[in-house]
Amino acid sequence: MAQQVTYTGHPFVDVGFATMAAFAHKRRFADLDADDFQHIADYIEANYVRQPLRSFLTMAFTSNAWFAQSAFNPDRPGLSPDKQAEALQKRQYWAERHLRQWAQAATALETCLFTGLPAAAQELSGKLQPGRVGRAQMPLLQGDDSINFFINGEPGLPMAPEAILALQAMPLGCAKVGGGLLAVHSDDEQLTIDFAARFLQRNLNDVAKAQAAGEEKLPGSPRSLKTLLLETLAEIMTRQVQEEARRERRPTVTAYYFNNGQSPSLDLYHLPLQITGFLLAVHTPAYRAIWNELVARSWQRAIAPAKRGKAAEPSEPRFNYLYEDLFTLPEQAARFVRIYFLRIPEPRRPDDDPRRDYSPRREADLVSWPLVELFAQEVMLMTDDRVAKLKELGDKLADYTRYQGGKRFFRQFFTVQRSDHFLTLLNKTNIDYTRYKRGAETLFDLDSFLTLFMEGEEVLRNDWRLMRDLVLIRMVEQLRDWIANNADAIPSEEEVVESEK
């Protein structure tokens, strides 16, 4: 009888349970019952022994897995009927121990390290103690003969039958990307299930198509790892907003890209709270339209064929560069703001990279202060007071530009790169602004100036260009009508690039 299972905190086990929940159309691990366990076990037993899964899953369980070993394959050429029956019997023997021990009464003396349930009672390998798993059952463990790093030097880890089945199901809830599998884990159980459900559906469809066509290879995702992760997360968050479902807290997301084959490897990709909080916000109605437009203009472009007369084969883009660069945050927030929010081009990028053709002049309509304000607060963890000071300075400079400084000042403020020139420009503008307001107000007081641009009272902040860009974004938004009539006020792409040399 299957025991009730709960969230364990271990990525491989949890993604396995999430896959089982998605397969059974359940919304919680705890809702899984014996029928659900039986259905996933039946699917695994019927399909893991066939292509394309038999070869594909060796990257998760090695070629020593019960379904992959040649000695257990009754369909290999040259076997007599007696040998076929013997091979089939051996395969069924190990399948039962991997897939259905949960249906038996618990008799083991050991406890599962992951679920706290009784460990399995029967062997899973000819070399391990009953109920213990090795590398052929749990990715990235050591071999069955190794004693290092195991409790009391005894190889393998004790595991409950429910968790063993979850590990068997886990690869179905992963995405195939390149030469590895992508498992996505979150501290939010529902989000883990949502990721597994999307990857599972694609895998089930691809397996059915491959079997129908007699193909032996399972296709991988056309997307890069980071792009796939963020694109899938965006789909989940969009559906959540549409269903008006609210998460009780911001989730963290960690992706595990692994291969358990001949050259084991593991890479981790983490989205911290401030990034997931920002992404949750941008998929709400207040920000969704402008954010989706920025994302749409960040996809890798198709390149015309090099040879004349040869038609280009349609293909899905591999990269979304905005999604890729979200993983550089918050460390590279200044670069992110400048490229995606201020639309400053990177002309040295390859031809298929849309960022080489970004233009603050042509794409001024994409410059959005509300979105940048959200970014500053959520990603950069900027205080409300500092954001308010940036906004106030941007409003005053926009007013000064419209009625006093004109195009000359706007272009200077946009392109200045040297710190001494920037301070000189600020001081001069403060004097002119005070004169323009007839002494009624200044551009900024000492407190605002120190808060925005200085470390202490004497040293200019290292990120003064970022502060300038944030102010500039507010100015552009406030001057949309003025810019429409003075398009050359915004420097050309060539002028911007030249100023940064």
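Tutor: A cavity here is a set of points on a 1 Å grid over the protein atoms alone, where a 1.4 Å probe fits but cannot get out; lining residues have an atom within 4 Å of a point. The model is predicted, so local features need pLDDT of at least 70 and side-chain atom pairs count only at pLDDT 80 or more, while totals for chains, interfaces and linings use all residues. Residues are numbered from 1 along each chain as its sequence is written, and side-chain values use heavy atoms, with hydrogens and water left out.

The largest cavity holds about 40 Å³ of space. That volume is the space filled by probe spheres set on the grid points, which are joined across faces, edges and corners. Searching the whole structure gives one cavity of 30 Å³ or more.

Helix H8 supplies the largest share of the lining, four residues. Helices (H or I, at least four residues) and strands (E, at least two) are DSSP runs numbered from the N terminus. H8 spans residues 225-242 and lies across E3, E4, E5 and E6, at about 45° to E6. Such angles run from 0 to 180 degrees between N-to-C directions, with axes fitted to C-alpha atoms, for helices over the stretch in contact.

Those four strands make an open sheet in the order E3-E4-E5-E6, paired antiparallel. Pairing requires at least two DSSP bridges between two strands. E3 (175-177) and E6 (265-271) are the edge strands; each has a single partner, so one side of each lacks a neighbour in the sheet. From one strand to the next, the twist averages 30°. Helix H1 (residues 11-23) also packs on this sheet, touching E4 and E5 (253-259), and its direction makes about 85° with that of E4. E3 and E4 (residues 180-186) are joined by three bridges.

Buried means under 20% relative accessible area, exposed over 50%, partly exposed in between (1.4 Å probe, protein chains only). In soluble globular proteins, nonpolar side chains tend to be buried together.

What does Phe 278 contact, leaving aside its neighbours within four places in sequence? The list is Trp 291, Phe 341, Leu 371, Leu 374, Phe 375, Glu 378 and Val 379. Contact means heavy atoms within 4.5 Å.

H14 also carries Asp 399. Asp 399 is buried, at 19% relative accessible area. Beyond neighbours within four places in sequence, Asp 399 is in contact with Tyr 433, Tyr 436 and Lys 437.

One backbone detail to finish. A cis peptide bond joins Leu 329 and Pro 330, with omega about 0°. Pro 330 sits in the loop between H11 (321-326) and H12 (333-341). Most peptide bonds are trans.

Conventions:
1 Å grid on protein atoms, 1.4 Å probe; cavity = no way out; pocket = protein on both sides within 12 Å on 5 of 7 lines; lining within 4 Å.
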